[in-house]
Amino acid sequence: MSAGERIDSKKAPEPVGLYPHARRVGNLLFLSGVGPRERGSKAIPGVELDAAGNIVSYDIETQCHSVFRNVRYILEDAGSSWERLVDVTVYLTDMKRDFPTYNRLWAEYFKDNPPCRTTLEINALPTPIAIELKCIATIGDE
């Protein structure tokens, strides 16, 4: 059995490991975890780091806008769209601090057709980011 068609976006940030941006299996598109980094840069929108690479401060609103944009890039490069998201798992590194802002922005971005959602607080992510999304969308004819 095939692992599905590999999808690599030309607009989303490069993966931090050996994995594709997404895989298509049938009419489903499974995205790898997506953060707010920008393609071609190690800089993270809304994050200030010290000389050792530790987070000094961050703006969750800026990171949310950036991660949503990156998800959209991958969906569009794969032939799907934002409106076809069906399930999203969201990882936050500080639920108490960041959930209200993230939840407000979620409602703005998904006002018309919100997908299923699970939000978890985790201790850390592989890069100094505060949010990451894991998504499933439909693709192709329905």
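Buried here means under 20% relative accessible area, exposed over 50%, and partly exposed in between, using a 1.4 Å probe and protein chains only. The views below show a predicted model, in which local features need pLDDT of at least 70, side-chain atom pairs count only at pLDDT 80 or more, and totals for chains, interfaces and linings use all residues. Residues are numbered from 1 along each chain as its sequence is written, and side-chain values use heavy atoms, with hydrogens and water left out.

**View 1. Cysteine 135 and cysteine 116.** With a relative accessible area of 0%, cysteine 135 is buried. Its closest cysteine sulfur belongs to cysteine 116, 12 Å away, which is too far for a bond. A disulfide (a pair of cysteine sulfur atoms within 2.5 Å) is a covalent bond between the sulfur atoms of two cysteines. Searching the whole structure turns up zero disulfides.

**View 2. Helix H1 from end to end.** Helices (H or I, at least four residues) and strands (E, at least two) are DSSP runs, numbered from the N terminus. Helix H1 covers residues 60-78, and its end C-alpha atoms lie 27 Å apart, in agreement with the 27 Å that its 19 residues should span at 1.5 Å a residue. That expected span is 1.5 Å times one less than the number of residues. At the start of H1, look for aspartate 59: one of its side-chain oxygens comes to within 2.9 Å of the backbone nitrogen of glutamate 61. Just after H1, glycine 79 adopts a positive phi of about 95°.

**View 3. Buried residues of H1.** Among the buried residues of H1 are Ile60, Cys64, Phe68, Val71 and Ala78. Leucine 75 also sits in helix H1, and its 0% relative accessibility makes it count as buried. The C-alpha atom of leucine 75 is 11 Å from that of valine 34, although 41 residues separate the two along the chain.

View 4. Where is serine 9? Serine 9 belongs to the loop between strand E1 (5-7) and strand E2 (22-25), and it is buried at 2% relative accessible area. A polar contact of 2.5 Å links the side chains of serine 9 and aspartate 77. Such a contact is a pair of N or O atoms within 3.5 Å; within protein, one must be able to donate a hydrogen and the other to accept it, and residues adjacent in sequence count only if both atoms are side-chain atoms.
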